[in-house]
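Dear colleague,

I am handing over the structure below, and after it I set out what was found in it. Please read the notes with the structure open beside them.

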Amino acid sequence: MTDGNATEGGAAGSEPPESGTAPLRRILLGETGFERATVWSAVGLALSYVAFDATAAVGIGAAETAGGLAAVTALGALAFAATGGGALPTVLLAYGPFAGTLLRAVGPAPYASPFAADGPPLLAVAEPLGVAVAAAVAVGVAAAVVGFVVGRTED
């Protein structure tokens, strides 16, 4: 009978010994996975996109809304990374809110589709999404590094 601990035969519960690339893989991929980051990215895109309508209703301008959303996204990415998210999931998590924010702040008319008969050109939608990728990479990697350092100091 085994007690679930690592054995020489590779029984259930055993983990392979860490290789030299394990810390790098843990930094890149994290421990919390892509599923959570994907869901929060999609939710962040939707909430960021409609936040401009909600804040405009109470008199807050688009620039203030975009700045606030960027700050909340950066804090969320840092928190995600500090709790085990790696660099790539953190980038994915940050992409959604940045995409929603930039589509509303510098993109085409809200709720317009480039596939509609009189819609904006596809480039008007692609440019903010490309800038969102760059912002997500910058914030996600920085948050992952800080999160990894914070996580190591707590151990």
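A definition is needed before the first handedness is given: a crossing counts as right-handed if the near helix is turned clockwise from the far one by less than a right angle, and as left-handed if it is turned anticlockwise. In that sense α2 passes α3 in a right-handed crossing. Please keep in mind throughout that this is a predicted model.

Overall fold

The chain has 5 helices and 0 strands, so that from the N terminus on its elements read α-α-α-α-α. Of its 155 residues, 30% count as buried. Where contacts join residues at least 6 apart in sequence, 72% of them link residues at least 24 apart.

How the helices pack

I begin with α2 and α3, the pair named above. Helix α2 covers residues 34-57 and helix α3 covers residues 62-82, and their axes come within 10 Å and cross at roughly 160°. Because angles over 145 degrees count as roughly antiparallel, α2 is roughly antiparallel to α3. On the α2 side the contact is made by Arg 36, Ala 37, Ser 48, Ala 51, Phe 52 and Thr 55, and on the α3 side by Ala 62, Thr 65, Ala 66, Leu 69 and Phe 80. Sorted by class, the contact of α2 with α3 has 7 nonpolar, 3 polar and 1 charged residues.

The next pair is α3 and α4, whose axes come within 9 Å and cross at roughly 175°, which makes α3 roughly antiparallel to α4. Here α3 contributes Ala 66, Leu 69, Ala 70, Thr 73, Gly 76, Ala 77, Phe 80 and Ala 81, while α4 contributes Pro 89, Thr 90, Leu 93, Ala 94, Pro 97, Phe 98, Thr 101 and Ala 105. The residues of this contact of α3 with α4 divide into 12 nonpolar, 4 polar and no charged.

The nonpolar cores

In soluble globular proteins, nonpolar side chains tend to be buried together. Which residues make up the largest nonpolar core in this model? There are 8 residues in all, namely Ala 37, Ala 77, Phe 80, Ala 81, Ala 87, Leu 93, Ala 143 and Ala 144. At least two residues of this core come from each of α3, α4 (87-105) and α5 (122-154), and α3 gives the most, with 3 residues. Apart from this core lies another, of 7 residues, among them Val 91, Phe 98, Leu 102 and Ala 136.

Ala 81, a member of the largest core, shows which residues from elsewhere in the sequence meet there: leaving aside its neighbours within four places in sequence, Ala 81 is in contact with Thr 90, Ala 143, Ala 144 and Gly 147.

Individual residues

Ala 135 is found in helix α5, and at 22% relative accessibility this residue counts as partly exposed. The C-alpha atoms of Ala 135 and Ala 74 are separated by 9.9 Å, although the two residues are 61 residues apart along the chain.

With a relative accessible area of 23%, Gly 107 is partly exposed. Gly 107 and Glu 127 are 20 residues apart in sequence and 7.8 Å apart in space, C-alpha to C-alpha. Leaving aside its neighbours within four places in sequence, Gly 107 is in contact with Leu 102, Ala 124 and Pro 128.

Most residues other than glycine have a negative phi. Tyr 111, however, has a positive phi of about 65° although it is not a glycine. Is Tyr 111 buried or exposed? At 54% relative accessibility, Tyr 111 counts as exposed, because the cut-off for that class is over 50%.

With best regards

Notes:
Residues are numbered from 1 along each chain as its sequence is written. This is a predicted model: local features need pLDDT of at least 70, side-chain atom pairs count only at pLDDT 80 or more; totals for chains, interfaces and linings use all residues. Side-chain values use heavy atoms; hydrogens and water are left out. Axes are lines fitted to C-alpha atoms, for helices over the stretch in contact, and angles run from 0 to 180 degrees between N-to-C directions. Helices (H or I, at least four residues) and strands (E, at least two) are DSSP runs, numbered from the N terminus. Angles under 35 degrees count as roughly parallel, over 145 as roughly antiparallel, 65 to 115 as roughly perpendicular and the rest as oblique. Contact means heavy atoms within 4.5 Å. Ala, Val, Leu, Ile, Met, Phe, Trp, Tyr, Cys and Pro count as nonpolar, Asp, Glu, Lys and Arg as charged, and the others, Gly among them, as polar. A nonpolar core is a set of buried Ala, Val, Leu, Ile, Met, Phe, Trp, Tyr and Cys residues joined through side-chain atoms within 4.5 Å. Buried means under 20% relative accessible area, exposed over 50%, partly exposed in between (1.4 Å probe, protein chains only).
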